[in-house]
Amino acid sequence: FCMVRYLPLSEVGLPVELYFFSSVTTWVDYEKILADVMDHVLAVIPEFDLRVFQVPSGYDFGKRFS
């Protein structure tokens, strides 16, 4: 079972939450399913002329060469 929820629109786009439910209870198998779902979602995003966007936190611009 899956559910998609749109969050309030902001100046950087339309946030989307994806909920997926599984009867799998072993952690390793659950992580494999999660990885497969995310791989598929990220692979089809360009097919809809969409882009993934994440706001840098500032920490990303910290001292990289120290």
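The following dialogue works through the features of a predicted model.

Me: How many helices and strands does the protein have, and in what order do the elements run?

Reply: The protein has 1 helix and 2 strands. Read from the N terminus on, these elements follow the order β-β-α. Strand β1 covers residues 2–6, strand β2 covers 16–20, and helix α1 covers residues 27–44.

Me: Where in the protein is confidence lowest, and where is it highest?

Reply: Confidence is read from pLDDT, the predictor's score for each residue, which goes from 0 to 100. The average for the protein is 85, and 89% of the residues score at least 70. Confidence is lowest in strand β1, with a mean of 86, and highest in α1, with 93.

Me: What share of the residues is buried?

Reply: A residue counts as buried when its relative accessible area is under 20%, and as exposed when that area is over 50%. Of the 66 residues in the protein, 3% are buried.

Me: How many salt bridges does the structure hold, and which residues form a salt bridge?

Reply: To find such a pair, one looks for a side-chain nitrogen of Lys or Arg within 4 Å of a carboxyl oxygen of Asp or Glu. The structure holds 1 salt bridge. Glutamate 17 pairs with arginine 5, and their closest N and O atoms are 3.0 Å apart.

Me: Which parts does this pair tie together?

Reply: Arginine 5 lies in strand β1 and glutamate 17 in strand β2, so the pair links parts that are 12 residues apart in sequence. Glutamate 17 counts as partly exposed because its relative accessibility is 25%. Arginine 5 is also partly exposed, with a relative accessible area of 41%.

Me: Which residues form the nonpolar patch on the surface?

Reply: A nonpolar patch joins side chains within 5 Å, taken from residues with over 30% relative accessible area. Here the patch consists of Val24, Trp27, Tyr30, Ile33, Leu34, Met38, Leu42 and Val52, with about 720 Å² of accessible area together. Two members show how the reading works. Isoleucine 33 lies in helix α1 and, at 35% relative accessibility, counts as partly exposed. Leucine 42 lies in helix α1 too, and its relative accessible area of 45% makes it partly exposed. The C-alpha atoms of leucine 42 and valine 52 are separated by 8.1 Å, while the two residues are 10 residues apart along the chain.

Me: How much space lies in the largest pocket, and which residues are closest to its centre?

Reply: The largest pocket holds about 1000 Å³ of space. Its lining has 30 residues, and Leu14, Pro15, Val16, Ile45 and Val52 are the closest to its centre. The elements giving two or more residues to this lining are β1, β2 and α1. The largest share, 8 residues, comes from α1. Val52 also belongs to the nonpolar patch.

Me: What is the phi of aspartate 49, and is this residue buried or exposed?

Reply: Most residues other than glycine have a negative phi. Aspartate 49 is not a glycine, yet has a positive phi of about 55°. This residue is found in the segment after α1. With 73% relative accessibility, aspartate 49 counts as exposed.

Note on methods
Residues numbered from 1 in each chain as written. Predicted model: local features only at pLDDT ≥ 70, side-chain atom pairs only at ≥ 80, totals over all residues. Heavy atoms only, no water. Patch = residues over 30% accessible without salt bridge, like charges linked within 9 Å, V, L, I, M, F, W, Y side chains within 5 Å. Areas by Shrake-Rupley, 256 points an atom, 1.4 Å probe, with all protein chains shown as cover. Helix = DSSP H or I, 4+ residues; strand = E, 2+ residues; numbered from the N terminus. Buried < 20%, exposed > 50% of the residue type's maximum accessible area, 1.4 Å probe, protein only. 1 Å grid on protein atoms, 1.4 Å probe; cavity = no way out; pocket = protein on both sides within 12 Å on 5 of 7 lines; lining within 4 Å. Points joined across faces, edges and corners; volume = space filled by probe spheres on them.
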